[in-house]
Amino acid sequence: MTTFIAVLYIISFALFIYGLMGLTGPRTAVRGNWIAAVGMGIAVIATLLTPGMSNWLLIALGVAIGVAVGVPSARKVKMTAMPQMVALFNGVGGGAVALIAWVEFRTTEGYAHEPAYVAIASLFAAIVGSVSFWGSNIAFGKLQELISGRPITLGKLQQPVNALVLIAAIVFAVVIAIGGDAELLMIGLLVAAGVLGVVVVLPIGGADMPVVISLLNALTGLSAAAMGLALDNTALIVAGMIVGASGSILTNLMAKAMNRSIPAIVAGGFGGGMAVASGKSGEVRPVRSTSASDTAIQMAYANKVVVVPGYGMAVAQAQHVVREMAKLLEAKGITVEYAIHPVAGRMPGHMNVLLAEADVPYEQLKEMDEINSEFAQTDVALVIGANDVTNPAAETDPGSPIYGMPILKVNHSRSVIVLKRSMSSGFAGIDNELFYDAKTSMLFGDAKSSVGEIVEELKAL
């Protein structure tokens, strides 16, 4: 039986890896998810076959509750709420690891007679899992607008408080590791780690939220791997390391895409501030408005149109009507492409997911480094709800909080049309200099309604 269980675990984490490979592109992502899900199913079966497994009623109840909550949530969630769900589900994983560490502490009488590595791995998992759980809940609250998206800080006390809470969690862990078996020690560790998760994420603004989600995801993976080491569970170790490694790589790539360091983000990022309503010197700057009719005419006589999606497209759920508009343009012989910024939206790959849902061909999705060189040959750049990721101030204004952040260089296009509800700022809380560019026109209104009007005008041409 031991050999059979080991074989099942090998099969399961092989499927994890193969499934992850499928997530490299929209065409294979669904299949990759199903493959990884089968691997997880096999891993669960292998775990249930482990000798000494009991409490079948509790196990069945847990599975039933998980299915009852998870399946409807995943099926009914709107794409605009996907970042919140990702944050919440990721946090649940971290919370589960922290609870398992607590159970292990109780059943082993404070890790008495356990090897040192078991205690260390379990305590590490407890701290990181608790940080991930509470941090993810704060991220969920910010994304769901239950908590202000603006940085909530303690001012100069922020970093000392962070350090103090971290030291407290470590002290509890050390006392337990050297023989402390009082349950209040473990409770204190979990509480201190939970407070750390809260006080670290609260000061982080909306602009950095995609990076935060990715970082917390990586932490959950690392905590799961550590708990797998403590429990001698191969599948948990491998799955946790895959999540931890891939999440860490993604976090690093996204931080680079914003020209920011991960420590700077964790220390309290920008984002969520109030917009500057007028120019730098206080003067009101004019913008040029346009109409759906003029926009349709301008695009109909273009050779190349680049659509630049942002969170505003997600909020309006405009991806399907955008695809309809693109088909009409393509029928007229116009080249249509989509410019994707790594941190557009509120989670990694947010725009890719939305556009894939609308059956946009993967070949038309162009990453920032690829599309930036093409804007000079673009007749019309249609910006739909994207803000900070198109702001030229990132290149021209050393005093801007986003200075140095790589952007989509839509201002190099021959003409720019921005679809937006109002002149409000993006997550960074600053004016977008693109709006005042001489070749930029603003089409105000709900993105879905505005694009729908453009579609009707294109049909009439």
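This is a predicted model: local features need pLDDT of at least 70, side-chain atom pairs count only at pLDDT 80 or more; totals for chains, interfaces and linings use all residues.
Local features were taken at pLDDT of at least 70 and side-chain atom pairs at pLDDT 80 or more, while totals for chains, interfaces and linings use all residues. Residues are numbered from 1 along each chain as its sequence is written, and side-chain values use heavy atoms, without hydrogens and water.

Two packed helices are described by the angle between their axes and the distance between the axes. Helices here are DSSP runs (H or I, at least four residues), numbered from the N terminus. The axes, lines fitted to C-alpha atoms over the stretch in contact, with angles from 0 to 180 degrees between N-to-C directions, come within 9 Å for α4 and α8 and cross at roughly 25 degrees. The two helices are therefore roughly parallel (angles under 35 degrees). Contact (heavy atoms within 4.5 Å) is made by residues including Gly93, Gly94 and Val97 of α4 and Thr220, Ser223 and Ala224 of α8.

The loop between α4 (82-107) and α5 (116-143) holds glutamate 109. Its phi is near 55 degrees, a positive value in a residue other than glycine. Aspartate 232 is exposed, with 64% relative accessibility.

Threonine 295 lies in helix α11 (residues 292-300). At 0% relative accessibility, threonine 295 is buried (under 20%). Beyond its neighbours within four places in sequence, threonine 295 contacts Thr290, Leu382, Ile417, Leu443 and Ile454.

Technical notes
Buried means under 20% relative accessible area, exposed over 50%, partly exposed in between (1.4 Å probe, protein chains only). Angles under 35 degrees count as roughly parallel, over 145 as roughly antiparallel, 65 to 115 as roughly perpendicular and the rest as oblique.
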